[in-house]
Amino acid sequence: MTDANTTTTAAADWHAWQESWDRQQEWYMPDREERFRVMLDMVEALVGTSPRVLDLACGTGSITARLLARFPDATSTGIDLDPALLAIAEGTFAGDDRVSFVTADLKDPAWAAALPYDSYDAVLTATALHWLHKEPLADLYGHIAGLVRDGGVFMNADHMIDDSTPRINAAERALRHARMDQAKRDGALDWAQWWQLAAADPVLAGPTARRYEIYGEHADGDMPPVAWHADVLRDKGFGEVRPVWCSPSDTLLLALK
């Protein structure tokens, strides 16, 4: 009886951390679920309902969770370097043989060697690659092109800023931040507050400390426009590239091998 209660408590804790992460991310991106929905629509349209997926910079496994809920016959490999987010992901999917996780640095040229498969039907990522500057991001796109099978897809949903529209950008940003401020007054957690909670949790304190040793404070890389991403992906070997969803600040870019 004690073992069963312990297992139930642990499972509930991981579920609570997943929920907490989702709410924190939605504070920044209220349309987060919509981009995931379109991403999975395109997976179904182009590679079917039982794909082998690489969840790139997977974090807590947000994409994997939605993938398996929609496509029970899918398999997913999650790859990330963040010890705390990977701890949540591994706890959430413990015992699910459809899911595996790899710890690797995407800036390391040999990162793909740690993967369990040589190719994938789909490589998916969201709100993660803006941490990279242009040169390492272009290199990463080359590695991704080598992993996606012919006819497979890569999708990146991220901040892609068009600097040619400064007034539009400023107006959108002002409205978005006004809404974020109101949500915070209503109790929403921001990035820093969420990590403070993780650092105070007995299970996540250690992984969170290691995370800060690796990354330090949150710092963005480059956020080039859609055209830059599309040009680089074509140059790296993708045959067709275009947005399949966008908001005023973010784009879901699909590249077909």
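# Helices, sheet and cavity

Student: At what angle do the axes of helix 7 (residues 191-200) and helix 8 (residues 205-215) cross?
Tutor: Helices here are DSSP runs of H or I of at least four residues, and strands are runs of E of at least two, numbered from the N terminus. Axes are lines fitted to C-alpha atoms, for helices over the stretch in contact, and angles run from 0 to 180 degrees between N-to-C directions. The axes of helix 7 and helix 8 come within 7 Å, and they cross at roughly 130°.

Student: Which word describes helix 7 relative to helix 8?
Tutor: Under 35 degrees counts as roughly parallel, over 145 as roughly antiparallel, 65 to 115 as roughly perpendicular, and the rest as oblique. So helix 7 is, relative to helix 8, oblique.

Student: What can be said of the model itself?
Tutor: It is predicted: local features need pLDDT of at least 70, side-chain atom pairs count only at pLDDT 80 or more, and totals for chains, interfaces and linings use all residues. Residues are numbered from 1 along each chain as its sequence is written, and side-chain values use heavy atoms, with hydrogens and water left out.

Student: In strand 3, what is the bridge partner of Asp80?
Tutor: Strand 2 (residues 75-80) runs parallel to strand 3, and five bridges join them. The partner of Asp80 in strand 3 is Thr103.

Student: What is the volume of the largest cavity?
Tutor: On a 1 Å grid over the protein atoms alone, a cavity is a set of points where a 1.4 Å probe fits but cannot get out. Points are joined across faces, edges and corners, and volume is the space filled by probe spheres set on them. The count is one cavity of 30 Å³ or more. The largest has a volume of about 40 Å³.

How values were computed: Two strands pair if DSSP finds at least two bridges between them. On a 1 Å grid over the protein atoms alone, a cavity is a set of points where a 1.4 Å probe fits but cannot get out, and a pocket is an open set with protein on both sides within 12 Å along at least five of seven lines; lining residues have an atom within 4 Å of a point.
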